[in-house]
Amino acid sequence: MYDVIIIGAGVTGSAVARELSRYNASVCVLEKCEDVCEGTSKANSAIIHAGFDAAEGSLMAKMNVRGNEMMGKLAEDLDIPFKRNGAMVVCIHKEALDGLKTLYDRGIKNGVKELRILTREEALELEPNLSDNVEGALYAPTSGIICPFLLNIAMAENAADNGVDFRFNTKVEDICRDDKGIWHLRTNNGEYKARYVVNAAGVSADVIHNMVSENKIHITPRRGDYCLLDKEVGNHVSHTIFPQPTKLGKGVLVSPTIHGNLIVGPTAVDLQDKEGNNTTAAGISDLIAKANDHVKNLPMRKVITSFAGLRAHEANHEFIIKEVEDAPHFIDCAGIESPGLTSCPAIGEMVGEMLKEKMSLTEKENWISKRKGILNPQELTLEERNELIKKEPAYGNIICRCESISEGEILDAIHRTLGARSLDGVKRRTRAGMGRCQAGFCSPRVMEILHRELGLPMEEITKSGGRSTIVLERTKGTNGGEA
Amino acid sequence: MISYDIVIIGGGPAGLAAAVSARNCGVENILILERDKELGGILNQCIHNGFGLHTFKEELTGPEYADRFIQKVLDLGIEYRLNTMVMDISEDRVVTAMSREDGMYQIQAGAVVLAMGCRERPRGALNIPGYRPAGIFSAGTAQRLVNIEGYMPGREVVILGSGDIGLIMARRMTLEGAIVKVVAELMPYSGGLKRNIVQCLNDFHIPLKLSHTVVDIEGKDHITAVTIAQVDSHNKPIPGTEERYTCDTLLLSCGLIPENELSNKAGVKMNPVTNGPIVNEGLETSIPGIFACGNVLHVHDLVDYVSEEAERAGASAARFVQADGKIERSENVVKLIATDGVRYTVPCTIDLNNMDELQTVHFRVGAVYTNCYVSVYYNDERMVHIKKKIMAPGEMERIMLQRNRLLKEEDLKTITIKIEAE
């Protein structure tokens, strides 16, 4: 029996887990996939929003601005890259200039700092590749870019280092409360019991909520297609460029990523299927057309991959973070769509405080606040790198040539807390396979390393857990022997 | 800092031939840097035959072809380092390399030969919509898994793209017991060699659907089916022509791109058509003393031509080193122009004072041409007019230019290569 069970190991669940790991409490995270960061958290714009979008006075606005504030220190503590590159909302129609002022006013009321409205000339000076039609822009210097994988992984790792249990491939199928008020969670891997439950199930948060409450909620998976462009053109813009927002959201943005690629997206299509993260031809061509409205000469021939993510959209477009009225000790974190990534540390803080009070939790004396990331040899001087290779020769063996990722980094990713067990697990921790050849070169090599280090047969190595195996069987004549 | 007269980046067919050629020109101090655990490059996984018809007048497998050159390298005592990745090349030819054994170190090279080969265009670059499950491979990755690692990716295969590796893998997977259901090609012609279509598809009754592409990929964990559709003249799928194939493997053979990271790091000028460096008659890039050959320069279809081109680069590098880098560039430079159906030429310029007696010019056409002429103009005057029964983008073409003939031409500024109907 646990004090708290968190359902979902995305950014929200992992942020809550990390906050709870400060206290003397037994905490477990149940995740249906084989790794953290498998749902909404893995496929989004990777932007740390400033906070001028969310409705004034909303919880969303509060979480956004607080999350943005917290991100600098959090990234430092977790040893992950984060950069405040600034965002611009670009106006291309004179008659829409008032809209910038509306956003500006809202941002000020939400507590966003350093907001400015730029003239056409000022905007072009900051960002020469803006559309020729630019009339003005709202400039938010506190907006930033981050690696959502690393943020999620780092928070989970840090939580696990502080004693939180993570159970992967464990899907919650039913929840009930016994007469002593204990929650029983039936999963494909047996029953788990807890005094408190936190629902951080992303697009499935409604399914989990509706298991325990008569007041049903509905989460719509809102799909967004993205294109990721080669690092060669990663500096096409240096700020995050937004169109003016519409009812469907913040629109198609163009932004550098923290690792130096260029990202274009997302579209917005409401679905029924909670696993419908397939891209569509219509979606991709739609976003290319829209992105070109605000940024000129977009080098779309340099796309290296496209993907789609599902936002967990709730009808009121507001975060639901509270104890469920008719389900005591059951806390919802539902409707966590954009700016969810930005907000996650604030959501973690809020839920942590909430449970601290309700459960009278005491702080651990030996809580580890920092986490050391995977060493990035590319940040070392030649001499330092040489020393490293002398000590650990695996750092001298390049496995992913596009991103220059060495075997040493991959070994670290596999053997650290909550280590990688699949190609995608390695990819999200190290970037091996994330470059322009999209793992064509390194995937057989990473498979061999996983095979050797985890003692898994090659046939059982997966792209991302489950049935995503990569090879089927030995070729003729190689059965039983090494090739 | 250690130094070598010539450092060759890559120990595949191009690097090996360049090394042998430079040694035969009298340069002693040569180093080949190879990132894999053995010499031979991509040929090691090309276990089919058909290599060496031009060079050796016999049909060799890839590893056998590579071995001929490896033996020469060994016999000549040319130095090489395996498991060594080149991380950077500077404009003044300082090569930064790294390996488990030697750590990270720098080498001052008298001349550098770029011979890193090419890579496959991945799914992402093709913007194929659908899910992103396991079971999608570039054809070369599948070739490595099957031929080197000894594992089959699956049993029911669809192939998108009719590049040579895809065609070869259609046959290879069939021989391993898989069913190759269809090869879909976006263009109205194949990107591969005619002989591979005959020997790898036709002989095994594997259908090739031209002007078709993949419009959907199904399967959330592992691929379960793909849908292909016919495309119109703008390569847009035509509604109503969709056909669904269940499969557990999708191979992509949609083009190769020179591996140009190091070329870019060195800062050599690139040709946007080939995606490789711009070179002169000696296959020297825009940076003096840095040469390029093989698939890193432009993608070839026959390894024989790679070897031949690399010999030229090796000889030029030797000449550069022997002249202490002081090769006089004359005013007598002719620009090669590719137009009217000719996509590019290698080289891009010819210095009449520095060229050999015979200069090979490689080029590719942009579409299928039947019963047309390859015409070569010296300035505005048509000097060569060769009838060709068929020319296709998948087959590299070449013409030879004679130095004494070019010198006779008064005030020669441009040589234009084009396709003409008559």
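## A hairpin in chain B

In the hairpin that E6(B) and E7(B) make, with four residues between the strands, B:Arg93 takes a positive phi near 65°. Strands here are DSSP runs of E of at least two residues, helices are DSSP runs of H or I of at least four, and both are numbered from the N terminus. One place to look is B:Val86, whose bridge partner in E7(B) is B:Ala97.

A quick word on the model: it is predicted, so local features need pLDDT of at least 70 and side-chain atom pairs count only at pLDDT 80 or more, while totals for chains, interfaces and linings use all residues. Residues are numbered from 1 along each chain as its sequence is written, and chains are lettered from A and ligands numbered from 1 in the order in which they are written.

## Where the chains touch

Chain B puts 41 residues into the contact and chain A puts in 43, where two residues are in contact if their C-beta atoms, placed from the backbone, lie within 7 Å. On the chain B side, the elements that each supply at least two residues include strand E6 (85-89), strand E7 (94-99), strand E8 (103-114) and helix H4 (139-149). H4(B) gives the largest share of that side, six residues. Sorted by class, the side of chain B that touches chain A has 16 nonpolar, 13 polar and 12 charged residues. Here Ala, Val, Leu, Ile, Met, Phe, Trp, Tyr, Cys and Pro count as nonpolar, Asp, Glu, Lys and Arg as charged, and the others, Gly among them, as polar.

The chains also share some strand pairing. Strand E23 (residues 473-474) of chain A pairs with E11(B) in the antiparallel sense, over two bridges. In that pairing, A:Arg474 stands opposite B:Tyr151.

## Two open sheets in chain B

Five strands make an open sheet with parallel pairing, in the order E10-E18-E12-E13-E14 (chain B). Its edges are strand E10 (136-138) and strand E14 (208-210), each pairing on one side only. From one strand to the next, the twist averages 20°; axes are lines fitted to C-alpha atoms, for helices over the stretch in contact, and angles run from 0 to 180 degrees between N-to-C directions. Strand E13 (residues 179-185) and E14(B) are parallel over three bridges, with B:Glu185 opposite B:Leu210. Two helices lie across strands of this sheet: H4(B) runs at about 95° to E10(B), and helix H5 (residues 164-175) of chain B runs at about 170° to E13(B).

The other open sheet has three strands, E22-E24-E27 (chain B), paired antiparallel. Neighbouring strands there are turned by 30° against each other on average, direction ignored. E22(B) and strand E24 (residues 358-365) share four bridges, and B:Tyr344 has B:Arg364 as its bridge partner.

## A helix pair in chain A

Helix H10 (residues 407-415) and helix H12 (residues 443-454) of chain A have axes that come within 11 Å and cross at roughly 45°. That angle is why H10(A) is oblique to H12(A): under 35 degrees counts as roughly parallel, over 145 as roughly antiparallel, 65 to 115 as roughly perpendicular and the rest as oblique.

Residues making the contact include A:Ile410 and A:Leu411 of H10(A), plus A:Ile449 and A:Leu450 of H12(A). By class, the contact has seven nonpolar, no polar and two charged residues.

Notes:
Two strands pair if DSSP finds at least two bridges between them.
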